[in-house]
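Please read these comments alongside the sequence and the coordinates.

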Amino acid sequence: MLSLPVLLLLWAVGAHSFPATSSDTQEQDAQLVQKYLESYYDLKNDVTKIQKQKSSSPEVEKLKQMQKFFGLKVTGKPDAQTLNVMKQPRCGVPDVAPFEITPGNPHWENTHLTYRIENYTPDLPRAEVDHAIEKAFQLWSNASPLTFTKVEQGQADILFSFVWGDHHDNNPFDGPDGYLAHAFQPGPGIGGDIHFDEDERWTNNIKKYNLFHVAAHELGHSLGLSHSSDIGALMYPSYVTSEDILLAQDDINGIQALYGPSNNPIQPTGPITPQACDSTLTFDAVTTIRGEVMFFKDRFYLRINPFYPEVELNFISVFWPNLPSGLQAAYEVSERDEIHFFKGSTYWTAQGQNVLQGYPKDIYRSFGFPRTVKHIDAAVSEEESGKTYFFVANKYWRYDEYKRSMDAGYPKMIAHDFPGIGNKVDAVFQKNGFFYFFHGTRQYEFDPKSKRIVTPLRANSWFNC
């Protein structure tokens, strides 16, 4: 199930502000829910506030619809997870629209379209705006038979504009943050046009709102796609900071359903969002973090928390924007409140959500690995002894966290000292005195004292599937 970082209560840093009273907060939350459901779920605005409605009221049903769309627990109540999703910056196109807006899966009749940029944001040089929008078109043209040509004047199928507030299209913007942009479905006149809120700060990096990212999402609407409930899809409605801006397989399936396959001889493919209860699920890395367990896969983490029954799925970049995707190993040194993340011959160190300055560093100078080690497959630190085990191919090294040096006599063979787990480790973490080793879809609960497997498990056994 999906949720957002409001759940990281142990990691939260309190804002320095005057707290609202309980009644003020309830009133603000009620207004937020009402406005959100009116804007994105076609709730009529002539009804009374949600907390005054019965369980079968239109507001409750719309709230359940919203919770189901985002993969939240469907309660019909504005709980903390639901309110947090509603507060995320997002696209202004509704998730559930009146039927007049999207009759019959609208799409362009021609596969060659023109576009024009009506005006430019002062936040970026004109060349950067042109480049961002050109890249956004390339994402979609690479996955479909569509082609796009920029025109400098006159008529164009798709117009881009930077505007403020009420810009006379019955979809006024709401100032900084909130919703960032909107687009119109294919069609004549305003059809296909894209409007960006000039009250936002537009960038070409991971700070604030990346223009390429938002333009690529809005173009999906201009070409006929609705929002996706797949959090890994570009067409997911909420904005998530990420350096990896690409089409997921869900986006590719959508655009090809409208326009057919790409003209390229090899059809494009995109990443598939991991599902907690997928029996084929494997992991790149697993680590404990302040009493919780996080499982890493491609661009995502899956997180289990003893206080919440649901599995949280989200982008790694939500917590650590500077970390790459495809992490290969991670481990926690709880005594120093540090997490080390590894990819290739480099690593990053974080405390909570903060990656420390001076990273990434290389594993050779910091840990003393020989240059023959190109990457680390898995790592785990044993709290009691202060020893960290690094697994590389069919061998392992042992590192002393107190002395900050490798122990003598290593590497050793995995099969000799960890019998039964195989010759390759994908991920490992420690909990309640046991090591949990992952290889493919298999997991082994291992007792390091008796050096034996206690229980063989499925890799996703932690997710209550």
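The points below take up the domains, the contact between them and the disulfide in turn.

1. The model is a predicted one, and its chain is divided into domain 1, covering 112-259, and domain 2, covering 285-458. To the contact, domain 1 contributes nine residues while domain 2 contributes 10 residues. The C-alpha centres of domain 1 and domain 2 are 39 Å apart.

2. Between domain 1 and domain 2 an area of about 780 Å² is buried, with carbon and sulfur atoms giving 61% of that area. On the side of domain 1, the residues that lose the most area to domain 2 are I231, V240 and D244, which together make up 51% of what that side buries.

3. The side of domain 1 that touches domain 2 is made up of five nonpolar residues, three polar residues and one charged residue.

4. The structure contains one disulfide, which joins C277 to C465 with an S to S distance of 2.2 Å. These cysteines lie 188 residues apart and link distant parts of the chain, since C277 sits in the loop between α6 (249-259) and β8 (285-289) and C465 in the segment after β25 (452-458).

5. Which hand does the disulfide of C277 and C465 have? The torsion about its S-S bond is about -90°, so the disulfide is left-handed.

How values were computed: Residues numbered from 1 in each chain as written. Predicted model: local features only at pLDDT ≥ 70, side-chain atom pairs only at ≥ 80, totals over all residues. Heavy atoms only, no water. Domains from an automatic or database assignment. Contact = heavy atoms within 4.5 Å. Buried area = accessible area lost by both parts, 1.4 Å probe. Nonpolar A, V, L, I, M, F, W, Y, C, P; charged D, E, K, R; others polar. Disulfide = S-S within 2.5 Å. Helix = DSSP H or I, 4+ residues; strand = E, 2+ residues; numbered from the N terminus.
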